[in-house]
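Visitor: Hi, could you walk me through this one? I'd like to look at it together.

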Amino acid sequence: MAQAESSAASNFETDFWKDAKLRKVWDEIVPGEARKTLPYKLTQEAIALYCRSVGETNPLYLDEAAAKAGPYGGLIAPPSIHILLMFACTPADDWMRSPGTVNAGQSWSYNIPARPGDTITLQARALDKFIKRERLFVVHDNVFFNQHGDVICSGRGQTIRPM
């Protein structure tokens, strides 16, 4: 399992400064403009690594036999997997990855669970941007879909951008 977890973890860039010069700055963020996103194949290894990272032990996410007997008839991902998916579905040059970005609040709706083997896509855009108390805010929305076009979850949030 350690090798599988290492493999799942190696799919994500952890140096957020690496592509910082490629990211859009405040003046280049256009409300309504779609952000570039990438499809992501969700694996059981990535789910297990995420669960371990956040201390999640629910057998619906980790134990195939228990999950088959459960309400979804098989393994699922925890609803908060959208945190992993946000990074998995955005390229390294996405403006949301800018070092110094602060989450100023978010609200999510969960429709159906993501499952191991799902190919996840993301539709994302900035909705608005404004300055308040000398801070740069962006309001954005994100919708995650599975390979069948079903909405897994959708959310709206605000971030404070670096100056």
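Visitor: Is F137 buried or exposed?
Guide: F137 counts as buried, at 10% relative accessibility. Buried means under 20% relative accessible area, exposed over 50% and partly exposed in between, with a 1.4 Å probe and protein chains only. This is a predicted model, where local features need pLDDT of at least 70, side-chain atom pairs count only at pLDDT 80 or more, and totals for chains, interfaces and linings use all residues. Residues are numbered from 1 along each chain as its sequence is written, and side-chain values use heavy atoms, leaving out hydrogens and water.

Visitor: How many aromatic pairs are there?
Guide: Two. Rings of Phe, Tyr and Trp (its six-membered ring) pair if their centres lie within 6.5 Å; planes under 30 degrees apart count as stacked, over 60 as edge-to-face and the rest as tilted. W108 and F144 are stacked, 6.1 Å centre to centre with 25° between the planes.

Visitor: What does that pair tie together?
Guide: W108 is in strand 2 and F144 in strand 4, so the pair links parts 36 residues apart in sequence. Strands are DSSP runs (E, at least two residues), numbered from the N terminus. F144 counts as buried, at 0% relative accessibility.

Visitor: And the other pair?
Guide: F130 and F137 are stacked too, 5.1 Å centre to centre and 0° between the planes. F130 counts as partly exposed, at 28%.

Visitor: Switching topic, what order do the strands take in the sheet?
Guide: The five strands run 1-3-4-5-2 in an open sheet with antiparallel pairing. Two strands pair if DSSP finds at least two bridges between them.

Methods:
Helices (H or I, at least four residues) and strands (E, at least two) are DSSP runs, numbered from the N terminus.
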